[in-house]
Amino acid sequence: MGNVIGIGASPKRKEDQRFLTGRGNYVSDIKRPGMAAGVFVRSPHGHAKLRGIDKSAALAAPGVIAVLTGDDVADDGLGSLPCGWGITDAKGVPMKEPPFPMLAQDKVRFVGDMVAFVIAETSDQANAAAELLTVDYEVLPSVVGVLEAVRPGAPQLFDDVPNNICCDWELGDKAAVETAFRKAAHVAKLSLVNNRLIGNPMEPRAAIAEYEPGTDRFTLWTTSQFPHVVRFLMGALVLNIPQHKLRVVAPDVGGGFGVKQFHYGEEAVITWAAKRVMRPIKWVASRSEGYVSDRHGRDHVTEAELALDETGKFLAFRVKTLANMGGYLSTFGPNIPTNLYGPLLGGVYTTPAIYCNVKVVFTNTVPVDAYRGAGRPEATFVLERIVDVAASEMGLDRVEIRRRNMIPKEGYPYQTPVLVQYDSGDPVGCLDGALVAADVKNFGIRKSESARKGKFRGLGYSTYVEACGLAPSRFAGRLGARGGLYESATVRVHPTGQVTVMIGTHNHGQGHETTFAQIVSEKLGVSFENVDIVFGDTDRVQFGMGTYGSRSLVVGGAALSKATDKVVAKGKKIAAHLLEAAEVDIQFEAGKFSVAGTDRTKTFEEIAGAAYVPHNYPLEVLEPGLEEQAYYDPVNFTYPGGCHIAEVEVDPETGTVTLVNYTAVDDVGTVINPMIVEGQLHGGIVQGVGQALFENAVYDEGSGQLLSGSLMDYCMPRADHMPMMKVATHSTLCTHTPMGVKGCGEVGTIGSPAAVINAVVDALSHLGVTHVDMPATPNRIWRLLQNASLPVAAE
Amino acid sequence: MQISFTLNGRPTTVDVEPATHVAELLREQLNLTGTHIGCDTSQCGACVVHLDGLPVKSCTLLAPALDGATLLTVEGLQGAPGSNRMHPMQEAFREHHGLQCGFCTPGMLMTAVALATEKPALTEADVRHGLEGNICRCTGYQNIVVSVLAGAAAMNAAKGE
């Protein structure tokens, strides 16, 4: 055995060498012989009828190869972009599911909706020709906000979707909740907005498509988190390309955060176009183009009510939300504000009755879909905000009211009233750990120091639980998933004992090449250096559902663990033959097969060699070779949880909120690589802080123009916005995943928005402020202070 | 037009359309794809290179400005040409997990090296302020800041040897 680096170690990442030396292989880095350039012509209007497109001037421009429009798509009889989830209302009526054409037909429904694809020899020529395309629009009034969209008389996006309501969804026991509210000693009420976000992975989306007439095969290189799903959705449901004739490659991808886990129209158009023009075509989005075409996230308007008894125990929780879907249903769109939202409204508390109603609404905006956390940050924000409101109204301490309602560690497994059953957790342990780590007991001293400088200091708590590791296929199927959510892994042992793993998840920053190699190193006793992880290519990897929902380690890692078990099982059979012993007497430990109670052993390498050079081998009962595959479908979601504490300072002169301390104690189950987990927590937290303090996608009502359409207008968190965060794990083990892992990709983003806003409200509570909507920008805070009931001057 | 400049230590002459920006020249004509383009408003910093020793955003620099100049990209950052040895700043990013998806990394490295060169005794606040023109969406910046401080210290130590 060599250099085993296993579970719990923090080796430096295998993927870093190429990224640090400028040798990554992102889609935009790839060149194909004879490659042409494509650009999309997009609607400048939020809502318009498409009366006609005159291609003639564009076609005559230098270097132009083709101009394709929705009419060409219709002529070729191609399908519409599919939605992966079909939800139903309380009566079982399916959601309204209007078609989502890959190039607009008859109508455009958001600024950025694609109307044509221009292909030319160079991107400059394609851009110049795109300017010459004449599109005749009959502009219609746009509606961009959910409240406006459901009002009588609002512009209607689709003729057969009355009031723009896609689905009126509900969950929970409405009658039980009403009964509980009647008995309540106190009812806290809160109206809030969960602001619309744009994911902004640093690599803009891009695609290259190529058709090989000699083999009738297509290849699509795309910035995707799930290439196999793109192959299935696009090949089987949009373009009618047989699966074995379509290769989808997602090489190095520069961040995803959900934005790249959908099947986009651009992918279908460029693949279809590559055959039409018999040339490889490349398209690379500009950042501005990404703003009006990358799927957006969040965008809820919510009214919540929490019923409590006189001691502050939660009796019932009622939530009504309007969720923005944008102009069409994206791949996971309707699943996010429903199935990934309602079931999380219990949080870490024992609330016995919960009812949630979500109206899923079409508007003239970019389609809304999953963005890191996806539904769960929204649920956590509503719950953790209203808990603070209730505490304040009832004169209870914010920590005490949480503690009083938490599920005790021994209360797990815990069945919530909203479908999900948590398997394990320790919310009180996370809370206690965070209180110490955040030095809460000395907060008063720090607040006085801030006051001396004329600043208001506030402390904010958020606890959370999330359902991740998507997902048990049966459960998801009952909720409306149209696909499975398992994962697959193949462990290929080479004749020399080195290992190549083919896995269906996708690595775009999460460090899978390292973490998965650690699992193999530990389980097979092989050197960490001797394990490589292959992902992101449908020709090399058997199958997979990809990376999202904190699922890669939980579901993919479990498949990998199962596959290594199969390798060991086969190795034992080979060893039994070589060592002339019974198979039941063979033990495998630390890379060696041995006969129990003897010193007779064979190394892993010797067994691998025998498998491929089977001169002395049980050929009559066993095939040669040492390669095993496993699929894993989880039995339940995993439920990471934790407690976050934010500390802010507000400058009353400018309204600026400065995050001065941030502490997180998270329960993510078994930690394979602490260094990587910590990095995931950092990144997740800052994305949540971005939502709380900076980020906001703003549309102009009426015209449907995106006002925050560039990095100049949409404020991304920068290095100097953040203090050094303190993150720690307080783990309980998942009871149903092979290694006890729970997932860690989204926890930071789920816990942080409520913690930050609760801190801002705390800082301003002496002025009578009870709620601040996100993002808490200087402008918003300054206005709030001008209207506050007390003088602004600090004590 | 024809321009001549020193690229990563080697004399280079290219024919280029005058309207080509340097990031495009590097990526499309010279096949140096380590320099990334992450935005169209000079905000993200993924394209930072060193022009005559100073950090610049190559997406807003036109190729003719290179004529007679010295250009360093991430590909030229490592030790001796052709060697596999990394620059101390690259080593520090690996050691402290200062990167995740890798897309902002080349720009971060180039900015970081320039910061460390300009001011030998960097503070955390210096680094955070100095990285304002570089956006990372993955790391939350914390490990980048730690990496830059460690890389700067290693650069200083190497200078002292």
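User: How many of the 19 residues of H10(A) are buried?

Analyst: This is a predicted model, in which local features need pLDDT of at least 70 and side-chain atom pairs count only at pLDDT 80 or more, while totals for chains, interfaces and linings use all residues. Residues are numbered from 1 along each chain as its sequence is written, and chains are lettered from A and ligands numbered from 1 in the order in which they are written. A residue is buried if 20 or more other C-beta atoms, placed from the backbone, lie within 10 Å of its own, exposed if 12 or fewer, and partly exposed in between. H10(A) is largely enclosed by the rest of the structure, because the buried residues number 15 of the 19.

User: How far apart are the end C-alpha atoms of helix H10 of chain A?

Analyst: Helices (H or I, at least four residues) and strands (E, at least two) are DSSP runs, numbered from the N terminus. The expected span of a helix is 1.5 Å times one less than its number of residues, so the 19 residues of H10 (376-394) of chain A should span 27 Å. The end C-alpha atoms agree with this, being apart by 27 Å.

User: Which residue just after H10(A) takes a positive phi?

Analyst: The phi in question is about 70 degrees. The residue that takes it just after H10(A) is A:Gly395.

User: Which strands stand at the edges of the open sheet of chain A?

Analyst: Two strands pair if DSSP finds at least two bridges between them. The seven strands have the order E3-E5-E1-E12-E9-E10-E11, with mixed pairing. Each edge strand has a single partner, so one side of each is left without a neighbour in the sheet; these strands are E3 (64-69) and E11 (246-249).

User: At what angle does helix H4 of chain A run to E1(A)?

Analyst: Axes are lines fitted to C-alpha atoms, for helices over the stretch in contact, and angles run from 0 to 180 degrees between N-to-C directions. Two residues are in contact if their C-beta atoms, placed from the backbone, lie within 7 Å. Helix H4 (123-132) of chain A lies across E1, E3 and E5 of chain A, and its angle to E1(A) is about 30 degrees.

User: How many residues of strand E9 of chain A are buried?

Analyst: E9(A) pairs with E12 (281-284) of chain A in the antiparallel sense over four bridges. Six bridges join E9(A) to E10(A), which also run antiparallel. Strand E9 (206-212) of chain A is largely enclosed by the rest of the structure, because its buried residues number six of the seven.

User: Which residue in the turn of the E9(A) and E10(A) hairpin has a positive phi?

Analyst: Four residues lie between the two strands of this hairpin. In the turn, the positive phi of about 55 degrees belongs to A:Asp216.

User: Is A:Lys447 buried or exposed?

Analyst: A:Lys447 lies in helix H13 (443-452) of chain A. A:Lys447 has 20 C-beta neighbours inside 10 Å and therefore counts as buried.

User: What distance separates the centres of domain 2 and domain 3 of chain A?

Analyst: Domain bounds come from an automatic or database domain assignment. Domain 2 of chain A is 296-470 + 636-787, and domain 3 is 486-632. Taken over C-alpha atoms, their centres are separated by 40 Å.
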